Amino acid sequence: MSSPTMDLLRSEPMQLAQLIIPMESAHRTISYLGDLGLFQFKDLNTEKSPFQRTYAAQIKRCGEMARKLRFLKDQMTKAGFSPSSRCSFDTRVTLDELEVKLGELEEELIEVNANSDKLQRSHSELLEYKLVLQKAGEFFHSAQSIAAAQNHEFEANVMGEVSIDSPLLLEQEMSVDPSKQVKLGFVSGLVAREKSMAFERILFRATRGNVFLKQVAVEDPVIDPLSGDKIEKNVFVIFYSGERARMKVTKICDTFGANRYPFTDDIAKQYQTISEVSGKLSELKTTIDVGQLQRSNLLRTISFEFEQWNLLVKKEKSIYHILNMLSFDVTKKCLVGEGWCPISATDQIKNTLQQASLDSNSLVGAIFQVLQTEESPPTHFRTNKFTSAFQEIVDAYGVAKYQEANPGVFTIVTFPFLFAVMFGDWGHGLCLFLATLYFILREKKLSHQKLGDIMEMAFGGRYVIMMMALFSIYTGLIYNEFFSVPFELFGRSAYDCRDSSCRDASTVGLIKVRGTYPFGVDPKWHGTRSELPFLNSLKMKMSILLGIAQMNLGIVLSYFNAKFFGNDINIWYQFVPQIIFLNSLFGYLSLLIIVKWCSGSQADLYHVMIYMFLSPTADLGDNQLFFGQKYLQILLLLLALVAVPWMLFPKPLLLKKQHQERHRGQAYRPLYSTEDSFELEIQSDLHGHEEFEFSEVFVHQVIHTIEFVLGAVSNTASYLRLWALSLAHSELSSVFYDKVLLLAWGFNNVIILIIGIIVFICATVGVLLLMETLSAFLHALRLHWVEFQGKFYEGDGYKFYPFSFASLSEDEE
């Protein structure tokens, strides 16, 4: 049984297979293959449009059913229901039954909604009518009270003595015949409060001031009968004189969307009408509540079966989509399909085809046969929930070519480790670990919830972040940094002040008083003047060692790729000189770093490497680390110089020689029969006689050689970003700790201390745990994509996407 690591190293062996499926079992066969999820179908009808294919009508039918399901889902969402995942598949309906059922449910819901809207509109109209009766009734009641008071006052004046100064108009008004007095008409209703000012102004201008408008605001917003929205409104009464004025007032009301309602000035009739309207409102409210209860019960019933119906429609649509990719055989009784599948899945697919034929009561079974092809197969890696996220990192750069060495297996370790080198703080790493631990412990629940874009990415890469956090804790322990503060976790420091009066912040050197600190950087190195040179040296040299090791791994993988694909020229004239050139220079630098660490020498490695080129025969003096170092440097320098023409010249010459040998003797051929001659021409056309462009091959090799030589230098320098970002992260942590937390602590004030702690937490989370995490992640990504994968990884393949019901998206239409 293969391990997950070996499954990731090389893609799954694939084969092109042909399926011959009888018509009577075609639907069930495709359905069973969708449940299995191990066969990727090829489209054999690319020349046909979607509307010309055999099962276009069935796909249209499924599309219409999907539309009805979306309508039902919208209705459930508006009513506050969500599709239940606890559906029973024992009562599973067929597609024909579901189509009838969905049609009936849609018609019923449309009818219920229409009746509900009609009743709600009538309820809103009656409610507005009641408000008009109440508010306008108050207008008339107030006016009649004022008129009665004026009549009493007038009668009192008439009974008294009429003085010579009494106005003559009063006598004229008394003498006017009541039958000849002008009768004013009025219009009542409601208008939106935001339009009331413009409404009043237009009325005044249109009638030249010959109307009287009275308005009063309604306290609570009311539901507009037409739009169904809650709107703040005013009740109005407009008094006018004449038919022309009435027509103008009516048109202006309609223009402003004012709802007009009939009104009588008879108080008795007003009370009677209000009583009747209140009764109708009560009846309508009861009817509406019953209708809403019926609608809610219907939607609740639908919610229990919705997921089952939706899945059934999606499956049927995908099955017919696959059937449209198949072609008919010459008898029109069988469907022929082609596609890719893993070789290891052959028995499973055959068993599935046999089971489908039995369940369909087909007299003829489906045929599975392997086809020979020169087409490149798709790439398929068997991943799990842990390795899938790392594989996605590689696939974002490019999908591996079929059977190409996969960087994903190495990325599982190297990616989080390079991240941790830049993010080395076990306090910050612990925070990341606790955050991802929450995602991992609740992954079953969170996987079925809709998260935001950022949270969705974090949840999808939870195992990547977990590994990054664990490695950050490890490198943080090596750096001995907990939020930039060192601790004596593994014992006491090996150093101490040279006397009792010295302070760690100002001492030039320390005295070693006990054994070496067992693990990581000695805590006394933090906060001393010696800290910066020491950590600089440690992190910079470690970055170089990691970079050279990973680039060598990339070249070794290019060797295995070339050997796997049978390219011997690349093995001897690309891999060997590359490994010699890289290690003659930067591999030697790595050796010097290790020797210096082990011996404790004070040699200047910058001086050694510079004068290795400028003066290779000069005496090394104090910079000599081991015996024979000068002669080894001369040898390595000569090997580096030889490796460049080794990469440049032999490969184009050998390719030209191979081309000449391949086509030697093809100018003269023995005589054959007509059939043999025709067959030979076909083979000749298949193999082709391409002209060998030596200049083009040579220029390509020159470019490749220059790219590698310059890349060896630039890529090595690029790994110094590990050192730079590590120091930046450490300095930022130190700034937040010293200038925020310790500064607030020094004020001896509780309020300032609380503010300082809050600022420190916000800065740590926002800058160090979010921005710095993203920065280190992107730099680790670049080191893998360019410096590592650029050495061996082509990434020009395409993924294996089998037909599977498990991959049906929830948002698929």
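**Chatting through a predicted model**

Me: Where does serine 484 lie?
Reply: You'll find serine 484 in the loop between H15 and S12. Here H stands for a helix (a DSSP run of H or I, at least four residues) and S for a strand (a DSSP run of E, at least two), numbered from the N terminus.

Me: And what should I know about the model itself?
Reply: This is a predicted model, where local features need pLDDT of at least 70, side-chain atom pairs count only at pLDDT 80 or more, and totals for chains, interfaces and linings use all residues. Residues are numbered from 1 along each chain as its sequence is written, and side-chain values use heavy atoms, with hydrogens and water left out.

Me: Okay, back to serine 484. Is it buried or exposed?
Reply: Serine 484 is buried, as its relative accessible area is 14%. Buried means under 20% relative accessible area, exposed means over 50%, and partly exposed is in between, using a 1.4 Å probe and protein chains only.

Me: What about phi of serine 484?
Reply: It is positive, near 75 degrees, in a residue other than glycine. Most residues other than glycine have a negative phi. Asparagine 480 also has a positive phi, about 60 degrees, without being a glycine.

Me: Where is the place of asparagine 480?
Reply: Asparagine 480 sits in the loop between helix H15 (462-479) and strand S12 (495-496). With 2% relative accessibility, asparagine 480 counts as buried.

Me: Switching topic: how do the axes of H19 and H22 cross?
Reply: The axes of H19 (residues 629-648) and H22 (residues 694-718) come within 8 Å and cross at roughly 150 degrees. Axes are lines fitted to C-alpha atoms, for helices over the stretch in contact, with angles from 0 to 180 degrees between N-to-C directions. The two helices H19 and H22 are therefore roughly antiparallel; that label needs an angle over 145 degrees, while under 35 is roughly parallel, 65 to 115 roughly perpendicular and the rest oblique.

Me: Which residues in H19 and H22 meet?
Reply: From H19 there are Val644, Met647 and Leu648, and they meet Phe698, Gln701, Val702, Thr705, Phe708 and Val709 in H22. Seven residues of this contact between H19 and H22 are nonpolar, two are polar and none is charged. (Ala, Val, Leu, Ile, Met, Phe, Trp, Tyr, Cys and Pro count as nonpolar, Asp, Glu, Lys and Arg as charged, and the others, Gly among them, as polar.)

Me: What does leucine 781 touch?
Reply: Leaving out residues up to four places away in sequence, leucine 781 touches Ile393 and Phe415; contact means heavy atoms within 4.5 Å. Leucine 781 is part of helix H24 and counts as buried, at 12% relative accessibility.

Me: Last one: how many helices and strands does the protein chain have?
Reply: The protein chain has 24 helices and 13 strands. Of its 813 residues, 41% count as buried.
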